[in-house]
Amino acid sequence: MGIEIYNTMTRQKEIFKPIEEGKVQFYVCGPTVYNYIHIGNARSAVAFDTIRRYLEYRGYEVNYVSNFTDVDDKIIKAAKQEGLSPKELADKYIAAYKEDTQKINIKTANVHPRVMENIPEIIDFIQDLVDQGYAYEADGDVYFRTQKFDDYGKLSNKSVSELLVGASQRVDADETERKEAPIDFALWKANRQPDEISWSSPWGPGRPGWHIECSVMSTKYLGEQLDIHGGGQDLEFPHHENEIAQSEAHSGHTFANYWMHNGFVTVGAQDEKMSKSLGNFVLLRDMLNEVDALVIRYLLASVHYRRPLRYDDTTVQEAQVNIDRLKELHRRLSLRLKDENLADALSPDQEWQNKIRQYEADFVQAMDDDFNAANGLTVIFEMVKEMNRYLSLTQCSRTSLQMMLDRLETLLSIFGLIFENKEEILDAEIIALIEERNQARLNKDYQRADEIRKQLKEQGVELDDTPQGTVWKRQ
């Protein structure tokens, strides 16, 4: 049947049909770079990276664009506090973002556009809205005339009258005087502080409003109509609502066919949303100093993207246990393939290979259902059990082992879980102890064999007695 996506716009699952067959134009709202990213920010990046990877696994060519907001009130404030220019501050935290997300295997976007690099295009876009009567200038600011756009509120399912009441409670008096209506939003902000960053424009010196940047940059790099637009649930209104209004007013047609929003990371007894404003956040780079990067990636990728993800010691420990299981299977498959006495193929193996193919088909069925990562991983762990059963056999074939390793690596890579089997070097003393233990077991001196196992464990070496002989790993 194909991939089904839950479309926030329609509040239902829909069969995914790209604008151009085999290709996906995919835009995701990126971070405002005024600080290091926290786990909540990373969850959004991981969720859409996983979706991107799955689309590629299913054969699509994905053009993935995710922006950096590098001009913003928060950036200007933080730059002053750190004694940097807004660009220097943005450069610093963009570099940190790339460094941190690379560690948890988030693929680089095809394009990471920045506001500062697209000012002429933003001004042209705003001018077009002014020319069409969708925007107006007021004392150097330019606002979008929301009540002229008939479908305003369609994404968040809010009426204009309802929005007018809410907006009137949060807009300051000076801005209210400049606006025709409280729900009109800024496309261009006049420079009212002489020392603040600004650019010249037809309306005087100033800088872009927040919402306009994504409309301009997505249009520039992906075209006027997108297949998928993604972001956190907190962006549904007003950011994405405003993007739709200004983009569709500009182009005259649908902006994005599928709207996707990821759930929050929650913390504490009350399951509060993790955010910098609440002060309950954990920076990704701090967590990377304490927890294996693959464990973090697993934690952030293992829950369905639309559901909240709870962050606490228990969920981190559960992720660690699951990563250890996957790593161990990967290690055992890789190690067994080094056996020079393996048969190239065994006639009974076709049944085993068919089982693995069926698990992959079940995985696809799970993930095709709105990228259900939790159900997809459940299938993978059932496949892991089957692979471990095969490894327990006295005879295995190289063909089947390689097939299993390839399937395991392929499916896990969709979740950004990429294992490397590094060659471990045991020093001569430990090698001698392993050989002595093997001889003790042959002599039925089990007390000595147990003593050596204990001694090796204290040195961080764990032994595993398999039908193919004793294998080891460092703890």
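The following paragraphs describe the overall make-up of a predicted model and then the surroundings of a group of annotated residues. Because the model is predicted, local features are given only at pLDDT of at least 70 and side-chain atom pairs only at pLDDT 80 or more, whereas totals for chains, interfaces and linings use all residues. Residues are numbered from 1 along each chain as its sequence is written, and side-chain values use heavy atoms, with hydrogens and water left out.

The chain contains 16 helices and 15 strands, where helices (H or I, at least four residues) and strands (E, at least two) are DSSP runs numbered from the N terminus. Along the principal axes, its C-alpha atoms fill a box of roughly 95 × 50 × 40 Å. Of the 475 residues in the chain, 50% are buried; buried denotes under 20% relative accessible area, exposed over 50%, and partly exposed the range in between, with a 1.4 Å probe and protein chains only. When contacts (heavy atoms within 4.5 Å) between residues at least 6 apart in sequence are considered, 77% of them join residues at least 24 apart. The accessible surface, computed by the Shrake-Rupley method with a 1.4 Å probe and, for residues, with only the protein chains shown counted as cover, amounts to about 22,200 Å², of which carbon and sulfur atoms supply 45%.

An unreviewed UniProt entry lists Cys-29, Cys-214, His-239 and Glu-243 under "binding site". These residues are spread over 215 residues of sequence, yet they cluster in space, the largest C-alpha distance being 11.0 Å. Such annotations, given in the numbering used here and with shortened feature names, may be inferred rather than shown by experiment.

Cys-214 lies in helix 7, which covers residues 210-222, and it counts as buried because its relative accessibility is 1%. Beyond its neighbours within four places in sequence, Cys-214 is in contact with Tyr-27, Cys-29, Asn-67, His-239 and Glu-243.

Glu-243 is located in helix 8 and, with a relative accessible area of 0%, is likewise buried. Residues up to four places away in sequence being excluded, Glu-243 touches Cys-29, His-211, Cys-214, Ser-215, His-229 and Phe-255. Helix 8 itself, formed by the 16 residues 236-251, reaches 21 Å from its first C-alpha to its last, close to the 22 Å expected at 1.5 Å a residue, a span taken as 1.5 Å times one less than the number of residues. This helix is mostly covered, with 13 of its 16 residues buried, and just after it Gly-252 takes a positive phi of about 85°.
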